[in-house]
Amino acid sequence: MAVALRVIPCLDVHDGRVVKGVNFTNLRDAGDPVELAAKYSADGADELTFLDISASSDGRATTREMVARCAETVFIPLTVGGGVREVSDVDLLLRAGADKVGINTGALARPGVIDEIARVFGNQVLVLSVDARREPGMPSGFGVTTHGGRRSAGVDAIEWAREACDRGVGEILLNSMDADGTTDGFDIEMLTAVRQVVDVPLIASGGAGTVEHFVEAARAGADAVLAASVFHYQSLTVAEVKDGLRTAGFEVR
Amino acid sequence: MRRVGLLDYGSGNLHSAARALSVAGADVTVSSDLAELRTLDGLVVPGVGAFAACMDSLSRSGGADLIREWAAAERPLLGICVGHQVLFDQGHEHGLVTPGIGLYEGAVVALEARRLPHMGWNTVDPGDTEILFEGLHGERFYFVHSYAAPGPVTAVRAATAEHEGSRFVAAAQRGTVSSTQFHPEKSGAAGARLIANWLRGH
């Protein structure tokens, strides 16, 4: 027996509500985060990820309050990302009840913050969130984006993943901005490229539409698979995804 | 046992452990006040991050002495994650050897595996730790760590788990002291049952 492949529903949170759009635009309300978290947990979710897309400090405070309410009733690991720039941001989220913290733009702006966070809290709390897409000018052909995929960070995605691991992230959440919200399948090519250079657990994100898509990501070496729309709009349940993975020969909880 | 103290020495997410204990029926007090904790029936020691950093906080807060005193008085104690690791003699990290509390023989060392941290839900072989795992055979628990005690450990009942072929101590029991490498407070219904088993066993 080995560690099970994790299935992770992702909740994009804006001012305390779950939202979902295609390629980070056309946001639609998808429900109350705490209710959804409890439902997903009951349905067999192995972990939950909240990405706070609020732009204001009030919005961030609302998210921390929401995380605290979640941690009261949902006894599976909670990862929270969005707006993390300093060690103190991580501290606030962990105190609110997060088990792991996602970092994205903050690490691109100042990579040394990864070392600082890992030194204080250990690498197991830190998830590097990478929003990447095909970018012909990059050595690997994949570039990191910011601002919900609208801007190039001017950084090679594969090189960034490698550097972040050297600095001390404990996990990588690889989100394909080409595939995000399309339900056409995970970006297997990009997933495979990142898998080849990192040894930390790798979470595949962006593009899930069918059970077979999750199986493809697992075959490409993902340790966990993450999705939002298919779960929010109930085109798939967590249990159905796990059944599909089990049938394909992967260990699931 | 009902009245349980959760030792607050500046390490980790105490809310989840406190809530999970309370859902399992305990009357929980989260405190760094050693005198207050001494008035309670059971002690839970959480811990995340590095062995050396946790031991340092435990030593400076008086928590390490409280744990030794608690075990010597044969009172019920539950260590979680790094709170389990510090009960061993030593922790080895990056070439640095840190003395632990020493209730269990042996050292906590880096897991021999390519995929680290060992993160996620894994199965546990309960071994001879029958009380903690009653009704939980075949269940998975949530682990997140890169270091562990390889085991077996002299005079300690141990449950084990395996990651990439490396077997390690997943839970331990010696006298009234119990501890888990995994996070029962994050292990859903299985974790809740384990916590209830611990409470009922004392």
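Which residue just after α8(A) takes a positive phi? A:G221 does, with phi at about 105°. The model is predicted: local features need pLDDT of at least 70, side-chain atom pairs count only at pLDDT 80 or more, and totals for chains, interfaces and linings use all residues. Residues are numbered from 1 along each chain as its sequence is written, while chains are lettered from A and ligands numbered from 1 in the order in which they are written. Helices (H or I, at least four residues) and strands (E, at least two) are DSSP runs, numbered from the N terminus.

**Helix α8 of chain A**

- Helix α8 of chain A covers residues 211-219. Its buried residues are A:H213, A:F214, A:A217 and A:A218.
- A residue is buried if 20 or more other C-beta atoms lie within 10 Å of its own, exposed if 12 or fewer, and partly exposed in between; C-beta atoms are placed from the backbone.
- The buried residues of α8(A) fall within an arc of 140° seen down the helix axis, so they line one face of the helix. The arc is that of the directions from the helix axis to the C-beta atoms.
- An α-helix has 3.6 residues a turn, so residues three or four places apart point the same way.
- Four elements of chain A pack against these buried residues: α7 (188-195), β11 (202-205), β12 (224-227) and α10 (238-247).

**α8 against α10 in chain A**

- The axes of α8(A) and α10(A) cross at roughly 50° and come within 9 Å. Axes are lines fitted to C-alpha atoms, for helices over the stretch in contact, and angles run from 0 to 180 degrees between N-to-C directions.
- That angle makes α8(A) oblique to α10(A). Angles under 35 degrees count as roughly parallel, over 145 as roughly antiparallel, 65 to 115 as roughly perpendicular and the rest as oblique.
- The crossing of α8(A) with α10(A) is right-handed. A crossing is left-handed if the near helix is turned anticlockwise from the far one by less than a right angle, and right-handed if clockwise.
- On the α8(A) side, A:V211, A:F214, A:V215 and A:A218 take part. They meet A:E240, A:V241, A:G244 and A:L245 of α10(A). Residues are in contact if their C-beta atoms, placed from the backbone, lie within 7 Å.
- By class, this contact of α8(A) with α10(A) has six nonpolar, one polar and one charged residues. Ala, Val, Leu, Ile, Met, Phe, Trp, Tyr, Cys and Pro count as nonpolar, Asp, Glu, Lys and Arg as charged, and the others, Gly among them, as polar.

**α1 against α6 in chain B**

- Helix α1 (residues 14-23) and helix α6 (residues 188-200) of chain B pack at about 70°, with axes 9 Å apart. That makes α1(B) roughly perpendicular to α6(B).
- This crossing of α1(B) and α6(B) is right-handed.
- B:A20, B:L21 and B:V23 of α1(B) touch B:G191, B:A192 and B:I195 of α6(B). The contact residues divide into five nonpolar, one polar and no charged.

**Where the chains meet**

- 25 residues of chain A are in contact with 29 residues of chain B.
- Helix α2 (residues 57-73) of chain A gives the largest share of the chain A side, three residues.
- By class, the chain A side has eleven nonpolar, six polar and eight charged residues.
- α2(A) packs on α1(B) at about 35°, with the axes 8 Å apart. This crossing is right-handed.
- A:A68, A:A71 and A:E72 of α2(A) meet B:H15, B:S16 and B:R19 of α1(B). Two nonpolar, two polar and two charged residues make up this contact.

**Loops and backbone features**

- A:Y233 sits in the loop between α9 (229-232) and α10 of chain A. It counts as exposed, with 12 C-beta neighbours inside 10 Å. A:Y233 and A:K20 are 213 residues apart in sequence, yet 9.7 Å apart in space, C-alpha to C-alpha.
- A:H147, a residue other than glycine, has a positive phi near 55°. A:H147 lies in the loop between β8 (142-146) and β9 (151-156) of chain A. It is exposed, with 11 other C-beta atoms within 10 Å.
- The peptide bond from B:L116 to B:P117 is cis, with omega near 0°. B:P117 lies in the loop between β7 (104-110) and β8 (118-123) of chain B.
- The peptide bond from B:G151 to B:P152 is also cis, with omega near -5°. B:P152 lies in the loop between β10 (147-148) and β11 (157-163) of chain B.
- B:A155 is placed in the loop between β10 and β11 of chain B. Its phi is positive, near 65°. B:A155 is exposed, with 8 other C-beta atoms within 10 Å.

Key. Two residues are in contact if their C-beta atoms, placed from the backbone, lie within 7 Å.
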